[in-house]
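Colleague: I am new to this protein and would like a close look at one part of it. Could you walk me through that part and what surrounds it?

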Amino acid sequence: MRRLGIHTIAAILLLSACGSEPTREPVVSPAVDSATYSIPDNIDYNYRWSADPGIDLFTPAATVVRAYVESYYLTVRALTSGAGYPGFSKAVDESLRTDYGNPHDLARRNFVGTQFQHLLWMTPTEHGWFATVCTGDYSVMREGDDGRFFNVGTTNIVAETVEISMKDSSTGIQSAKGPERAPIADVFGEARVVDHVKSARNQDAFLECRNRMPDGPSNRPTKWDLPHDAPYPTLAPYPGWPRYDEN
């Protein structure tokens with residue numbers, strides 16, 4: 001079976017199937033986090049977002065969706081809800097947070113690579129927005145005890161939905177892009193995450209998500225948890241988050 005094909009793609013991949021096509025920046029070292037929030041020390045991968053035509057990644061609603069999705073996966077891999085971005089605990093209902101039981105009984109792994117997220121659909125609702133998101137975690141890898149790396153996802157791209165309630169258009173942040181890996185200010189504002197379905201009920205979303213990743217199916221692993229000698233590149237975050245003095 002072919003590997004991820006990562007040794008030939010480096011850090012200049014084209015998002016050929018995506019409506020929003022950010023230029024791949026060179027791989028960068030993790031930015032210094034604020035004293036009030038730090039990305040967990042076992043997380044060394046970055047998020048890169050794209051969107052279908054007509055969807056603006058920098059609107060308040062899209063910013064909230066981005067902040068929630070990124071936070072969600074951080075909490076899952078760090079085994080604590082405290083890994084969510086500032087404002088996560090108040091914006092996300094307790095029923096939507098994962099119960100990790102006793103994290104000391106679970107193996108805490110290091111994760112590297114890049115997680116690709118694509119905002120497929122944004123639908124207004126009576127109280128806010130309903131977002132459909134494609135998640136490509138085939139390019140996130142956990143580091144094994146033997147020094148090799150294992151992909152956490154496969155060629156199948158997950159389609160998930162997030163519903164948010166927003167009373168107004170303000171999310172408490174002046175800019176939704178920048179060089180940082182995470183926000184240090186509350187970007188949820190008055191918005192609330194009222195529902196998150198990890199597997200979208202609309203099966204058409206899965207078909208659409210297939211072609212929204214920068215790597216074609218032949219360059220994604222067909223099986224989960226395959227060993228690799230080198231990890232997928234850790235690309236710079238996009239859009240990223242502003243520096244603390246820009247908020």
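What is the relative accessible area of Leu-79, and is this residue buried or exposed?

Modeller: Leu-79 is buried, since its relative accessible area is 12%. Here buried means under 20% relative accessible area, exposed over 50% and partly exposed in between, with a 1.4 Å probe and protein chains only.

A word on the model before we go on. It is a predicted one, where local features need pLDDT of at least 70 and side-chain atom pairs count only at pLDDT 80 or more, while totals for chains, interfaces and linings use all residues. Residues are numbered from 1 along each chain as its sequence is written, and side-chain values use heavy atoms, leaving out hydrogens and water. The mean pLDDT (the predictor's confidence in each residue, from 0 to 100) is 82 for the protein chain, and 77% of its residues reach 70 or more. Over residues 1-35, however, pLDDT stays under 50.

Back to Leu-79. You will find this residue in the loop between helix 2 and helix 3. Helices (H or I, at least four residues) and strands (E, at least two) are DSSP runs, numbered from the N terminus. Leu-79 follows helix 2, and its phi is positive, about 65 degrees, although the residue is not a glycine.

Now step back into helix 2 itself. Its 19 residues reach 27 Å from the first C-alpha to the last, close to the 27 Å expected at 1.5 Å a residue; the expected span is 1.5 Å times one less than the number of residues. Of those 19 residues, 17 are buried, so helix 2 is largely enclosed by the rest of the structure.

Strands pair if DSSP finds at least two bridges between them. Strand 2 runs parallel to strand 1, joined by nine bridges, and Asn-46 has Thr-114 of strand 2 as its bridge partner. With strand 3, strand 2 runs antiparallel over eight bridges; there Met-122 is partnered by Ala-131.

Ser-139 counts as buried, at 0% relative accessibility. A polar atom of the Ser-139 side chain lies 2.5 Å from the backbone oxygen of Thr-114.

Conventions: Contact means heavy atoms within 4.5 Å. A polar contact is a pair of N or O atoms within 3.5 Å; within protein, one must be able to donate a hydrogen and the other to accept it, and residues adjacent in sequence count only if both atoms are side-chain atoms.
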